[in-house]
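Subject: Two-chain model, handover

Hello,

Here is the model I said I would pass on. My notes follow below it.

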Amino acid sequence: MQETVGDEEIVTPGEVLGKGTEVKAGRGAYLSRENNTVYASLTGRRSVVPPSSESTDQRPIVEVIGHKAHGPVPEPGCVVIARVTKVMARMASADIMCVGAKAVREKFSGIIRQQDVRATEIDKVDMHSSFRPGDIVKASVISLGDARAYYLSTAQNELGVVSAESMAGTTMVPISWTEMQCPSTGQIEPRKVAKAGA
Amino acid sequence: MEASPVKFVDQLVVIILSPENLLFFMRICILFSLFFAIQVPGDVILDLSNMANQTLKLGGGLRQDGDSICVMKAGKLRFMKPNKYWVESSQKRYVPSAGDNVLGVVVDTKPENFLVDIKGPALAFLPVLSFEGGTRRNIPKFEVGTLLYVRVVNANTGMNPELTCMDANGKAAEYGVLKDGYMFESSTGLSRMLLSSPPHPVLEGLGKKLSFEIAVGINGRFWVNASQSSTVILVGNAIQKSESLSLVQQKIYLEKLLKSIQ
């Protein structure tokens, strides 16, 4: 059963893409030696790349482009927008929502450790005065981290809380790099605020 | 002679019912009923448009809604001079706040913390090193279900509360494991009454006749220990029963109880 979207077919893992003698396995496909057949290993669109003229092997390369591959993936060094989900004594966890200017297609978790919140006096950082659950923060990815989460950092002036809701429920206005104020009640709450600007 | 009471009453009524005095009289009546009646959520207790240039300190259970101060929690309104107002209520659930001494039950052990249940919305963390002379080498081993008397260090909203078994100077004080005895559940109001400064009548009366030790946690738990378990049961039940009795009834109950144990 072949489903077509436009002029490319959608394939599922295990579907036969061609014989090993006729096609070469590219990304998202693999060659099974038992019966010399190329199968798909991802769900996505099948695309055939014609062989380059100077290579000796004249077989076309068949690839499967997964739908998740269309979404951006955080890389070390890029700036991401994340929503803080949990604040603990030594770190805060956040859900990464955008990489650069593009929204992600799948869930990525990030962790902001106590020593990565700001650049000065890193051992005196109080996580509760820097972030609260629900804040939107701009952070940079330091590393791929462990299996559970990326490691994020807000240790620059332009990074930190971009938007936050006060305890009364209204969006707060930044008044300094450590404080934000609620416009309806006038209450001031501490946050690590990102410098506004481009 | 019989005309003068009527005239006096007439004059009194005239004084009270004149417009300026009426407002004053009404306000006195309201204040009088405010501090003796139980407030329910939604009651407006103060109208700020009449009071200019005053700073009020609002404690728990009160909220400013534009120009009026409304009650958020059911309970008794309390006032402390010069300008503090708060609502005192009694619940079975506890809202953790920094500085409270509570009774917690260990539910899990992690490499860095013990997870302790203190009857709050979230489990509290007790760092393994927060004991007097605590180092990585002598971490106490608590089984699941151990009862501890601990102090809340901080209880920020959205985070798990943090506990410690040391006082502010780093000494063990009275904190730590409570061995033997039995723990009873109560409400937060009863815990506050047991800890209040003119001692609780039932507690004082029982203390004169029986010998037992008691630890009260402000989170609605108290622990009693005595040489005989019949004493523990007696004290625990007496305290739990006394919550719903007025002062006079408590004295009567206490007398009956003390007579029956002899």
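In chain A, 48% of the contacts with a separation of 6 or more are between residues 24 or more positions apart; a contact means heavy atoms within 4.5 Å. For chain B the corresponding share is 60%.

Before the rest, some conventions. This is a predicted model, in which local features need pLDDT of at least 70, side-chain atom pairs count only at pLDDT 80 or more, and totals for chains, interfaces and linings use all residues. Residues are numbered from 1 along each chain as its sequence is written, chains are lettered from A and ligands numbered from 1 in the order in which they are written, and side-chain values use heavy atoms, with hydrogens and water left out.

Chain A

Chain A has 17 strands and zero helices (DSSP runs, E of at least two residues for strands and H or I of at least four for helices, numbered from the N terminus). Its radius of gyration is 24 Å, whereas a compact globule of 198 residues would have one near 16 Å (taken over C-alpha atoms; the globule rule is 2.2 Å times the number of residues to the power 0.38). Along the principal axes, the C-alpha atoms of chain A fill a box of roughly 70 × 35 × 30 Å. Buried residues make up 37% of the 198 in chain A (buried is under 20% relative accessible area, with a 1.4 Å probe and protein chains only).

Chain B

Chain B has six helices and 16 strands, and 35% of its 262 residues are buried.

Strand β6 (residues 75-80) of chain B pairs antiparallel with strand β1 (residues 38-39) of chain B over two bridges; strands pair if DSSP finds at least two bridges between them. B:G75 in β6(B) is the bridge partner of B:Q39. β6(B) also runs antiparallel to strand β7 (residues 84-88) of chain B, with five bridges between them, and a hairpin of three residues joins β6(B) to β7(B). In that pair, B:K76 stands opposite B:E88 of β7(B).

One residue to look at is B:Y149, in strand β11 (residues 147-154) of chain B. Is B:Y149 buried or exposed? B:Y149 counts as buried because its relative accessible area is 15%. Leaving out residues up to four places away in sequence, B:Y149 touches, among others, B:N101, B:V102, B:L103, B:C165 and B:V216. The C-alpha atom of B:Y149 is 10.0 Å from that of B:L163, which is 14 residues away along the chain.

Regards

Conventions
Buried means under 20% relative accessible area, exposed over 50%, partly exposed in between (1.4 Å probe, protein chains only).
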